Amino acid sequence: ARQRMIRLVGLSATLPNYVDVAAFLGVNPQRGLFYFDGGFRPVPLEQHFVGVHAKPGSPAAARLLNRVCYERVSRLVAEGHQVMVFVHARKDTVGTARALRELAQADGALDSFAAPPDAGRHAQLAARVARARGREVRELFPAGFAIHHAGMPRTDRSLVEELFAAGLVRVLCCTATLAWGVNLPAYAVVIKGTQVYNAQKGAFTDLSILDVLQIFGRAGRPQYESHGVGYILTTHDRLAHYVSEVTMQHPIESRFAANMVDNLNAEVSLGTVTSVDEGVTWLGYTYMHIRMQRNPLVYGVDGAELADDPMLGRRRGEMVRKAALELSRLQMIVFDPATGFLAPKDLGRIASAYYLRHESVEVFNRLMRARMTEADAIALLCQSKEFDQIRARNTETRELAQLLETACCCDVKGGADSAPGKCSILLQAYISRSAIDEFALVSDCAYVAQNGARIIRALFEIALSRRWGPAAAVALSLSRAIERQMWPFEHPLRQLQVPPHIMRYLEGTAGVTVDVEHLREMDAGELGELVRNRAYGTTLAALVSQLPRLELAAEVAPITRTVLQVTLTATADFAWSDRAHGMAEAFWVWVEDADNTEVYHSENILLRRRDYRAPKVSVFTVPIRDPPPAQIFLRAVSDRWVGAETVAAVSLRHLVL
């Protein structure tokens, strides 16, 4: 058989200007382009557009939309169909489901929504619902309703998908992520409202027609029905707009220019763009360039400019230079306007590796300090632009105040009424493993924790690149705290699933506080007596020996009066456990001055299971003052274990320069 290099690209039928995408991908339109229009749809789609007379976003509009939605949904459910109701905020999934349930109860039709107890797999799945983490999932299921959005735990989302596929849920209230990421069709879909909050603009905007068509694509199950039904419920003033958009299908434009600065930084960091000319060539390969030529007015290009420069080389050059100047101002790249030379800096590489927006880097440049407490680091983290979409809501004030009292170990700057303050409270509640009742707060907490772990790791590398020892230590400590969901002051043995009644004797609640170093010196019998459980002494001794630790030894030799050669030997001093350590363990090692303010040298040491006992030797040079300090410090910190840290002092008193 012949082997040919063929790339398959699947396109949704919701993309009208497929020829532009073919040009962007370099596809031969005569041989490699295939377009499947509505005629290829397995079942035909019946579309309904409904408008309500009310001010968009007003309480009256919300009540009317709920009433109109219930009328359509109840009729479909009475006919024996399943319905997906799409809303545009995670909190609205619960609000809509509860509103529909209350309307059905007032109408005396609630029984028609609930699945019969003798339905297939009902008992099995009902038992799993009772163990679901989300209170709303447990609350809504008996009435035949469910919710689905990206902020839910993965286990709850999978359970809801199974319930709907089994027919035990008649109405599923969800966000558009279900239409994009999960193949879960229904007979009918209802889009309730078309106002979507845009965090960047700080206002509500119209739902994208791409989302509308993608949601409508969920309607109809080929194996069960002869057609699908799609409803779009909106205010009357937007009705004509959506009828026009769905029937005419305007071309999809590029959003590349909105993130031009971050995109250029990624290319410069990779080394694929090293000059303005290369940046112009790079932009020539983008979908934006194709659309700029097809529809120039949308991108601010007039007809005269396009006629004078058909390939838009000057416009692309202006875009690259403008983005490069911004990156240079933020100290993310080196840019020479005279020659067009571009080169990455450490800050740009870190931002690219951790997907930081340049606006966040600007905040970090302004507020980050060499010495920061944990409270300062959390406050800085919560100022990043990645959390712009988090908003403080009046309905959450009481629970946020309660979490502030019970779950926060660090000061919250700005208070619970501000968005950064809310982020700080939720992040600390996540570390403290506090239970959160408010549904929207659960979603926001998951979002803050997921992005916080990434951003604090970027802050650690930024601090290390700037040789800020205290800031690097605090950032790495918080990074491990988020990943492990435990505070740095908690006992490290918590990471090894030591039973709570044993931990009581180790953390001071029983009047005894014992650190890890003392535990290492005890034998199994002494440990058993310490925790009042002789039988557990052997197990506890094994767990103590598994806590990662490096023994550090160093030899120093002067090269010049201001340069010192250091030969570092790091040796593992713990017992390897596949369950606890996996295949590898990483440590950060850096050399600090005597005042613990400046990092002279830093590197990462990776221990692999097969040879972790072998000493790791590293030779490097560090700068010193003249006269030299009395000593310098070596610090080895585990990349992911809380409380796994070693500090060794290296004396320079007898050093002959």
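1. R329 and E362 form a salt bridge in which the closest N and O atoms are 3.2 Å apart, a salt bridge being a side-chain nitrogen of Lys or Arg within 4 Å of a carboxyl oxygen of Asp or Glu. The pair links distant parts of the chain, with R329 in helix α14 and E362 in helix α16 (residues 358-367), 33 residues apart. R329 is partly exposed at a relative accessible area of 46%, and E362 is also partly exposed, at 30%; here buried means under 20% relative accessible area, exposed means over 50%, and partly exposed lies in between, with a 1.4 Å probe and protein chains only.

2. The model is predicted, so that local features need pLDDT of at least 70 and side-chain atom pairs count only at pLDDT 80 or more, whereas totals for chains, interfaces and linings use all residues. Residues are numbered from 1 along each chain as its sequence is written, and side-chain values use heavy atoms, with hydrogens and water left out.

3. A second salt bridge joins K422 to D444, with the closest N and O atoms 2.8 Å apart. Because K422 lies in helix α19 (residues 419-431) and D444 in helix α20 (residues 439-465), the pair ties together parts that are 22 residues apart in sequence. Helices (H or I, at least four residues) and strands (E, at least two) are DSSP runs, numbered from the N terminus. Both partners are covered: K422 counts as buried at 0% relative accessibility, and D444 is buried with a relative accessible area of 9%.

4. The side chains of R494 and E507 meet in a salt bridge of 2.7 Å, N to O. This pair, too, links distant parts of the chain, since R494 is in the loop between α21 and α22 and E507 is in the loop between α22 and α23 (516-521), 13 residues apart. R494 counts as partly exposed at 39% relative accessibility, and E507 counts as partly exposed at 28%.

5. For the charged side chains as a whole, a search of the entire structure finds 32 salt bridges. Salt bridges also link D20, E253, R291 and R294 in a network.

6. Strand β8 (residues 228-235) is mostly covered, eight of its eight residues being buried. Strand β1 (residues 45-52) pairs with β8 in the parallel sense over eight bridges, where two strands pair if DSSP finds at least two bridges between them.

7. Which residue contributes the backbone oxygen that lies 3.0 Å from a polar atom of the side chain of T646? The oxygen belongs to L550. T646 is found in strand β17 (residues 645-651) and is buried, with a relative accessible area of 10%. Leaving aside neighbours within four places in sequence, T646 is in contact (heavy atoms within 4.5 Å) with R549, L550, L552, L634, R635 and A636.

8. Two backbone angles deserve a look, given that most residues other than glycine have a negative phi. Phi of L312 is near 55°, a positive value in a residue other than glycine; L312 is found in the loop between α13 (303-308) and α14 (313-329) and counts as buried at 0% relative accessibility. Phi of Q485 is likewise positive, near 55°, and Q485 is found in the loop between α21 (469-484) and α22 (500-503), where it counts as partly exposed at 23% relative accessibility.

9. Turning to the totals, the secondary structure of the chain comes to 26 helices and 17 strands, and the C-alpha trace spans about 85 × 75 × 65 Å along its principal axes. Buried residues make up 48% of the 657 residues. Among contacts between residues at least 6 apart in sequence, 68% join residues at least 24 apart. The chain exposes about 31900 Å², of which carbon and sulfur atoms supply 52%; accessible areas come from the Shrake-Rupley method with a 1.4 Å probe, and for residues only the protein chains shown count as cover.

Definitions and conventions: A polar contact is a pair of N or O atoms within 3.5 Å; within protein, one must be able to donate a hydrogen and the other to accept it, and residues adjacent in sequence count only if both atoms are side-chain atoms.
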